Amino acid sequence: MIKEKVKTGTPGIDNMLEGGLIPGRPYIVSGTAGTGKTAVAMRFLIEGVTAGEQVLYVAIDEPPNEVKANMESFGWDISAVHVFDATSDILSYDKTPVRDVSTERKVTTFKMLPAAIRRTSEKGPADISVNTIQEILKQEMKVTKYSRIVVDSVTSLRRFYIRTSEEYLALQSFFRLLSDLGTTTILTVQLPEQIRTAPESQMARGELRLHKWFDPKGLVRAINIEKFRGSCHDHSVRPLKLSDEGITVKVAAPKKRGESKKPCPEDEEPTTEAPTEPTGEAKQAEAPGTPAPPQPESGPPQEMPPPPPPEDGDGGESSG
Ligand SMILES: Nc1ncnc2c1ncn2[C@@H]1O[C@H](COP(=O)(O)OP(=O)(O)O)[C@@H](O)[C@H]1O
Ligand SMILES: [Mg+2]
């Protein structure tokens with residue numbers, strides 16, 4: 001039985017998700033650099049702020065001041081979003097003494113951030129581990145009941161901070177904690193190429209995959225729902241635009257107002273940490289005796305060029 005869904009704040013994405021995300025579960029937003037992962041994740045937090053919720057952004061990739069400036073370019077005010085600066089001072093694979101960053105950094109809001117971008121700590125290098133992040137989240141949840149959390153990105157957390165050969169187990173434990181917290185979470189995942197999947201995909205209850213590629217007219221952006229356990233969803237690739245007005249996802253046939261929501265055959269609780277099913281082929285069969293749910297078109301995505309080819313090189317930022 002689906003509880004009331006959690007809106008991502010981007011109407012087109014909510015349409016693709018048949019209303020939004022299922023609350024209390026961890027999801028990932030994946031894509032190569034510059035596809036809009038931080039934007040989609042932050043929009044999800046802003047939606048929570050608008051609804052009067054407490055929301056937390058864990059900054060691992062980019063210093064919070066940079067994130068704030070970048071999000072302002074979409075016309076967004078993120079000052080009420082709580083932020084924990086978990087960016088590394090040393091960004092290296094160096095395994096020399098790791099000091100627990102949680103003792104010297106605190107959760108604040110974007111509004112209260114100091115103006116300067118934090119540089120290397122005066123006290124020397126500080127670092128953070130996945131355990132530290134888990135502890136911080138547990139402690140923070142005791143103080144403030146966050147309904148939405150974003151970890152941006154779990155790829156960097158894995159690359160720089162999980163200092164153990166048991167990386168997969170550490171990630172699994174992290175996902176289990178997120179489920180236990182009862183918070184709806186988005187973790188961003190940076191993919192090296194379009195066609196790759198990340199280990200996090202197997203643990204998340206759903207994945208929004210972002211794409212960008214070039215056609216003769218220029219840069220094209222798109223989104224698809226790679227997986228979404230426990231709900232019907234759109235299986236098409238949809239055009240996505242980033243502009244001064246934020247994120248726009250075009251969906252041809254939004255659900256009619258007042259139309260009753262019928263449960264899908266997929267509306268079952270998943271077994272915890274189950275391996276991923278083959279993607280993109282979720283069943284769409286109808287439950288007997290109930291009207292069919294509104295289905296997304298099954299043809300090629302409207303106004304969309306052919307699917308993106310794998311990107312060249314290191315997948316770095318190439319858009320303007
Ligand atoms: N006002 C804007 N109009 C159009 N594109 C923008 C605007 N502001 C930022 N962008 C684009 O957004 C992209 C970065 O989005 P971001 O969410 O940070 O990506 P990611 O987290 O996937 O690396 C960049 O490609 C940038 O060019
Ligand atoms: Mg980002």
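## Strand pairing around S8

Let's start in the sheet of this predicted model: strands S8 and S9 are joined by 2 bridges and run antiparallel, where strands pair if DSSP finds at least two bridges between them. Ile223 faces Arg238 of S9 across this pairing. Strands here are DSSP runs of type E with at least two residues, helices are H or I runs of at least four, and both are numbered from the N terminus.

On to S7: with S8 (residues 218-228) this strand makes 10 bridges, again antiparallel. The two form a hairpin, with 2 residues between them. Lys212 has Arg221 in S8 as its bridge partner.

## The whole sheet

Zooming out, the open sheet has 10 strands in the order S4-S3-S2-S5-S6-S1-S7-S8-S9-S10, and its pairing is mixed. Strand S4 (108-109) and strand S10 (246-249) are the edges, each pairing on one side only.

Strand S1 (residues 26-31) runs parallel to strand S6 (residues 184-190), with 6 bridges between them. Here Val29 sits opposite Thr188 in S6.

## The chain overall

The chain holds 7 helices and 10 strands. Of its 320 residues, 40% are buried, meaning that 20 or more other C-beta atoms, placed from the backbone, lie within 10 Å of the residue's own.

## Reading notes

Residues are numbered from 1 along each chain as its sequence is written, while chains are lettered from A and ligands numbered from 1 in the order in which they are written. Local features need pLDDT of at least 70 and side-chain atom pairs count only at pLDDT 80 or more, whereas totals for chains, interfaces and linings use all residues.

Conventions
A residue is buried if 20 or more other C-beta atoms lie within 10 Å of its own, exposed if 12 or fewer, and partly exposed in between; C-beta atoms are placed from the backbone.
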